[in-house]
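The structure itself comes before the entries.

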Amino acid sequence: MSRRPNEEMKSKKVPEGTISRLFVYLREITELAKISIHTISSAELGERTNLSDAQVRKDLTRFGQFGVSGSGYDTGKLKGALEKILGKDRTWNVAVVGAGHLGSALMAYPGFEERGLVMVAALDSDKKRLGKRIKNVTIQSVDRLGEVIADKKVSIGIIAVPATDAQEVADKMIKAGVVCILNFAPIALAIPENVKVKDIDLSRELETLSYFLVNGAERAGMNTE
Ligand code: NAI
């Protein structure tokens, strides 16, 4: 199995917004395929995903011609094509570094596997945690990071250590061959260009909601004092 991200996606520099929408189309098309709906127009797909048909067409034509003239898209073909484009036609191995509150919760979540993301390793520096099992994975010493990442063919590394240790962990992951990192630590990592990092900041997401609470409350005439 290749550990590199989809070469097609990389070379085309597809905007993240488009990629997110492709996942939404894929979910919708998968549901349609289950109920034996074999074709769908861009307008219908747009309606089901709250997007304009122009947006749907623009997103999909970027990757080829999936439409069947006059009858819309063939859902089976489109599903297969989207799965290939998004790397959903295979599984990807994931390692979590930092098996504390957050790392353990992520390891235990069954939903990743359903989406082709397999948690294969958990690494930590705290001796008290080593040897414990989360689902079918045993927490190992972070000293073995390089070896474990190579052995388990890890493509995606999740950083769930304190901010003070995150850069060091990222450097080790990259040296070991990881090309995609999901970073939960509140720090901007210095990363080479060929590595993709996604920073997750739940506090910022919550703060954004507070803005909507204030504005929504004002619109509704509620007392916000
Ligand atoms: P925690 O203290 O429960 O877990 C951290 C784990 O990392 C511990 O098991 C510790 O032994 C391990 N660790 C420390 N240094 C290490 C190293 N060099 N190598 C390997 N393991 C190491 O902390 P928690 O609550 O799980 O948070 C983890 C990180 O995630 C923190 O940076 C925190 O700020 C961040 N966080 C981010 C959130 C977000 O929305 N982005 C939400 C919650 C936490």
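For sorting residues by class, I count Ala, Val, Leu, Ile, Met, Phe, Trp, Tyr, Cys and Pro as nonpolar, Asp, Glu, Lys and Arg as charged, and the others, Gly among them, as polar. I also note that this is a predicted model.

Entry on the pocket. I looked up the second largest pocket and found a volume of about 320 Å³. Its lining has 13 nonpolar, 5 polar and 5 charged residues. I counted 23 lining residues, and those nearest the centre of the pocket are Gly-98, Ser-125, Ala-160, Val-161 and Pro-162. Which elements each supply at least two residues of this lining? I wrote down α6 (101-108), β5 (117-124) and α9 (163-176). Helix α9 gives the most, with 4 residues.

Entry on the sheet. I traced an open sheet of 7 strands with mixed pairing, in the order β6-β7-β5-β4-β8-β9-β10. The edge strands, which pair on one side only, are β6 (133-134) and β10 (196-199). How do β4 and β5 run? Strand β4 (residues 92-97) is parallel to β5, and 6 bridges join the two. Within this pair I found Val-94 opposite Met-119 of β5. I then looked at what α9 does here: it packs on the sheet and touches β4, β8 (154-159) and β9 (180-183). The direction of α9 makes about 175° with that of β8.

Entry on α2 and α3. I looked up helix α2 (residues 16-34) against helix α3 (residues 42-49): their axes come within 10 Å and cross at roughly 105°. Angles of 65 to 115 degrees count as roughly perpendicular, so α2 is roughly perpendicular to α3. On the α2 side the contact is made by Val-24, Tyr-25, Glu-28, Ile-29 and Leu-32, and on the α3 side by Leu-45, Arg-48 and Thr-49. I sorted the residues of this contact into 5 nonpolar, 1 polar and 2 charged.

Entry on α2 and α4. I next looked up α2 against helix α4 (residues 53-61), which pack at an angle of about 105° with their axes 10 Å apart. That angle makes α2 roughly perpendicular to α4. Which residues meet here? From α2 I listed Thr-18, Arg-21, Leu-22 and Tyr-25, and from α4 Gln-55, Val-56, Asp-59 and Leu-60. By class, the contact of α2 with α4 divides into 4 nonpolar, 2 polar and 2 charged residues. I noted that Tyr-25 of α2 is listed in the contact with α3 and is also listed in the contact with α4.

Definitions and conventions
Residues numbered from 1 in each chain as written. Predicted model: local features only at pLDDT ≥ 70, side-chain atom pairs only at ≥ 80, totals over all residues. Heavy atoms only, no water. Axes fitted to C-alpha atoms, helices over the stretch in contact; angles between N-to-C directions. Parallel < 35°, antiparallel > 145°, perpendicular 65-115°, else oblique. Contact = heavy atoms within 4.5 Å. 1 Å grid on protein atoms, 1.4 Å probe; cavity = no way out; pocket = protein on both sides within 12 Å on 5 of 7 lines; lining within 4 Å. Points joined across faces, edges and corners; volume = space filled by probe spheres on them. Pairing = 2+ DSSP bridges.
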